[in-house]
Amino acid sequence: MMAEATPLLDVESLSIRFGPSAPALVDNLSFSLKPGETLCLVGESGCGKSLTALALMGLLPTRAQPSGRARFEGRDLLTLPARQMQDLRGDRMAMIFQEPMTSLNPAFRIGDQIGESIVRHRGASRSEARKLALDMLRKVRIPAAEKRLDAYPHQLSGGMRQRIMIAVALVNEPDLLIADEPTTALDVTIQAQILALMRELQRAAGMAMILVTHDLGVVAEVADRVAVMYAGRIVETGTARDLFDDPQHPYTLGLIGSLPSLGRREGRLATIPGSVPPPDRFPAGCRFATRCPFADARCWTETPPLTGIGAAGHRAACFKAPIEANAGGLAA
Amino acid sequence: MTADASTDIILDARNLTRYFGGGYRFPFGEMPLIRAVDGVSLSVRRGETFAIVGESGCGKSTLARLILRLIEPTGGSVRFEGREITGTPPEAMRRLRRDMQIIFQDPFGSLNPRMTVGALIGEPLSVHGIASGRERDARVREMLRLVGLRPDHAGRYPHEFSGGQRQRIGIARALATRPRLLIGDEPVSALDVSIRAQVINLLEDLKAQLGLTLILVAHDLAVIRHTSDRIAVMYLGEIVEIADRDSLFETPRHPYTRSLIDAIPVPVPGARAARTLLQGDPPSPAAPPPGCRFHTRCVYAKDICRTDRPALRDIASGHRVACHLAGELQAHTLPAALETVSAARQRRVALFAGAQGIPASNA
C-alpha cells in the first residue's frame with residue numbers, strides 16, 4: 001500500500017503540435033496514474049485522446065512535436081531513445097487498439113503473434129513461447145485454445161480477435177495497459193464480456209490502465225478516475241462519482257445530456273450546438289467557448305485553469321463553474 | 001397480427017426470407033448457405049417509429065433492404081400501403097421509391113464526393129421528374145433549411161462538411177421526394193455523442209413536421225428507447241420479440257432481449273454492480289442451431305428448446321415473443337439505480353439545456 005503513494009505514470013504539461021506555429025492538438029495535459037488504477041480519457045473525435053495515448057507509447061508520427069514530460073517508472077517516455085522505448089513497449093507497457101480486424105497481422109498464426117513479444121523481451125525459446133501463448137489464450141477464455149494457436153486472425157470473430165489482442169498485450173504482464181477504444185467495434189454483449197475480462201485480468205495482475213473512450217457508459221463501469229477532454233485539453237477531471245454525480249464543466253454537462261436514458265423517455269435530448277472548430281480556429285481562451293451557452297467575453301480571451309471544485313481531486317476548467325451560482329442569470 | 005383491423009398499416013411484411021450463398025462458385029468451391037433473414041413478419045403502423053434491433057449479423061440491415069426491395073427476397077412478400085411490391089415491375093417500382101427512402105450509416109461513403117450538395121439533393125428530384133431548373137434549386141434550398149443547413153451550402157462538396165452535417169445532407173436527399181416512409185439504417189451510430197443527439201432531435205422534428213413513418217435499424221438500445229414507439233428484436237435472422245417501447249424495456253420476455261438490455265453500459269457509476277453476462281459468440285448464420293436459435297447461449301434452455309423452433313406468439317397485448325419458456329420466466333426489471341441520477345447532475349444538465357432554449361430533458 002505504501003507504493004501507492006508514488007505514481008506509476010506522471011504526465012506533466014504534455015503538448016503535441018504538428019509544426020512550430022501550429023496550434024497544440026494536445027495542450028498542456030497533466031495527469032498521473034497510480035499502480036492498479038484505471039483512468040479514462042473521454043472525449044469526442046479530435047479531442048486528442050488517441051494522440052495522447054500514442055505519445056505515451058512513443059508511437060507518434062515523426063512530424064509530431066511533443067513537449068512536456070511523461071515519467072514512467074522513473075524514465076521520461078517523451079525523450080527516451082528508440083531502443084529503450086522498444087524494450088519498454090510490449091513489456092512494461094502495452095497497448096490495445098480499436099480495430100481487432102486490422103491490428104493483428106493477417107499472415108501470422110495467433111500463437112506466433114502472442115509468442116513474439118515473449119521471445120523479444122524474455123528471450124524465451126519458441127516452444128516456451130508457445131506454451132505461454134497457450135496459457136494466455138486460456139486466460140482470455142478462448143474456447144478450444146489449443147486449436148486456436150495455429151489459427152489465423154481471419155478465422156476468428158471480432159470478439160475473439162479482441163481477446164487475442166488482449167492476450168498479445170498482457171502476455172508479459174505489463175504495469176501499464178493503454179487501451180484505445182477497445183470495445184467500440186464490438187457488439188454490446190461482446191463488449192460487456194471484454195470489459196469484464198479486462199477488469200478481471202487487471203485486478204489479478206495489479207496493472208494500471210488508461211482507457212481511451214467516447215462512451216460515457218463504459219466510463220461509468222470501469223473508471224476509477226476520469227479526464228474529460230475537449231479540443232486537446234482536459235476540461236474536467238475527478239473520480240467517476242465526481243464526474244457523473246457532480247458534473248461541472250458545461251462540456252461534460254452537454255455530453256451527459258446528449259445521452260438518451262435507458263429509463264422512461266423524458267423529453268428531448270440536450271445537445272451541444274455546432275461542432276468542434278478546426279484547430280486553426282480554436283478561440284484564444286476556453287476552446288469550448290464557441291459552443292458554450294454560458295460563455296462571456298472573458299471565456300473567449302482567457303484560458304480557464306483546471307481548478308479544484310467540490311470533492312478533493314475534482315477539478316474543472318471553467319470560469320462559470322458551478323454554473324448554478326455563476327451563470328444563473330444567463331440560463332433564466 | 002399484432003395490429004387490429006382499424007389500425008392503418010403502412011407496411012406489412014409476411015414471411016420474408018433471404019438466403020445468400022449456396023451452390024458452387026469457382027474458385028471457392030461449395031458456398032455455405034446463409035439464412036440472413038429467415039421468415040420475418042411484421043407490420044408497421046402509419047406515423048409510428050418502428051425499430052429493428054440486434055447485433056452484427058442478425059440480419060437487420062438485410063431486412064431493411066428487403067423492405068425497400070433494394071435486394072430481392074428469396075421468399076415472402078412486402079405490402080406498402082396495401083400494394084404488393086415484391087412482384088412490381090421495375091418502372092412501377094421506381095415510382096414507388098419516391099414514397100419510401102433510406103438513409104445510411106456511413107455519412108462518408110454514401111455521398112458521391114464528385115457531386116455538389118445541391119446536385120446530390122437535386123438528383124432524386126430529377127430522377128423522379130418532380131422538379132427541374134429553378135424549381136429544383138428552390139426545392140434544394142428548402143431541403144437544406146429543413147435539415148438545419150444553409151441554402152448557400154448547395155454549391156459545396158461533401159468533403160467540406162463534418163460527419164453530422166453529412167448525415168443531414170443524406171437526410172435532405174432522402175426527404176427530397178417527400179417520402180411517406182423513411183428507413184434509417186444505423187443513421188446515428190457513426191456520429192459523435194453530441195452530434196448524435198442533434199441528428200436524433202432532427203429526425204424526430206422532421207417526422208412530426210412531415211408526418212413520416214420511420215423504421216430505424218440500430219444496435220444502440222438507449223437510442224432506440226428514446227426514439228421508437230415499437231421495437232422488434234432480431235437474433236440470427238429471426239424476430240425473437242416485438243413489443244411497445246415501454247413494455248419491451250420494462251418487461252422484456254425473451255432471454256436474449258434481457259441479455260441485450262443488461263449488457264448496455266449506463267452512465268451511472270455502480271448501477272451495473274450485479275448482472276449475468278451472455279457468454280460466447282452468436283453461432284454462424286450458415287449453421288444456425290436447431291430448435292430455438294438462441295438455445296446455445298440461453299441460461300434457461302430446456303430440452304424442448306433444442307429441438308422445437310418456437311413460434312412468435314402473443315404473451316400480452318401487443319407483446320409477442322418467440323420463446324417456449326416466456327410464460328414461466330421470472331419477471332426481469334431494470335435495476336432501480338439506472339434511474340437514480342443525482343440532483344446536482346439533473347439541475348445542471350437542465351440549466352445547460354435551458355440556456356439553449358431546449359425544454360426540460362433527461363439528465
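Two strands are taken as paired if DSSP finds at least two bridges between them.

**View 1. Pairing of strands S3 and S8 of chain A in the predicted model.** Strand S3 (residues 38-42) of chain A runs parallel to strand S8 (residues 208-213) of chain A, and five bridges join the two. Within this pairing, A:Thr38 stands opposite A:Met209 in S8(A).

**View 2. The open sheet of chain A.** Eight strands, in the order S6-S7-S8-S3-S9-S10-S12-S11, make up this sheet of mixed pairing. Its edges are strand S6 (93-96) and strand S11 (307-308) of chain A, each of which pairs on one side only. Helix H6 (residues 158-170) of chain A packs on the sheet, where it touches S6 and strand S7 (176-180) of chain A. The direction of H6(A) makes about 170 degrees with that of S6(A).

**View 3. Helix H10 of chain A across strands S9 and S10 of chain A.** Helix H10 (residues 250-258) lies across strand S9 (225-230) and strand S10 (233-239), running at about 100 degrees to S9(A).

**View 4. The interface between chain B and chain A.** In the predicted model, 64 residues of chain B are in contact with 58 residues of chain A. The area buried between the chains is about 5500 Å², and carbon and sulfur atoms give 57% of this area.

**View 5. Salt bridges and the chain B side of the interface.** Four salt bridges are counted between chain B and chain A. One salt bridge links the side chains of B:Asp205 and A:Arg268 (2.6 Å, N to O). Among the elements of chain B that give two or more residues to the side touching chain A are helix H6 (193-210) and helix H11 (343-354). H6(B) gives the most, with ten residues. The residues on this side of chain B comprise 31 nonpolar, 16 polar and 17 charged.

Notes. Residues numbered from 1 in each chain as written. Chains lettered and ligands numbered in written order. Predicted model: local features only at pLDDT ≥ 70, side-chain atom pairs only at ≥ 80, totals over all residues. Heavy atoms only, no water. Contact = heavy atoms within 4.5 Å. Buried area = accessible area lost by both parts, 1.4 Å probe. Helix = DSSP H or I, 4+ residues; strand = E, 2+ residues; numbered from the N terminus. Nonpolar A, V, L, I, M, F, W, Y, C, P; charged D, E, K, R; others polar. Axes fitted to C-alpha atoms, helices over the stretch in contact; angles between N-to-C directions.
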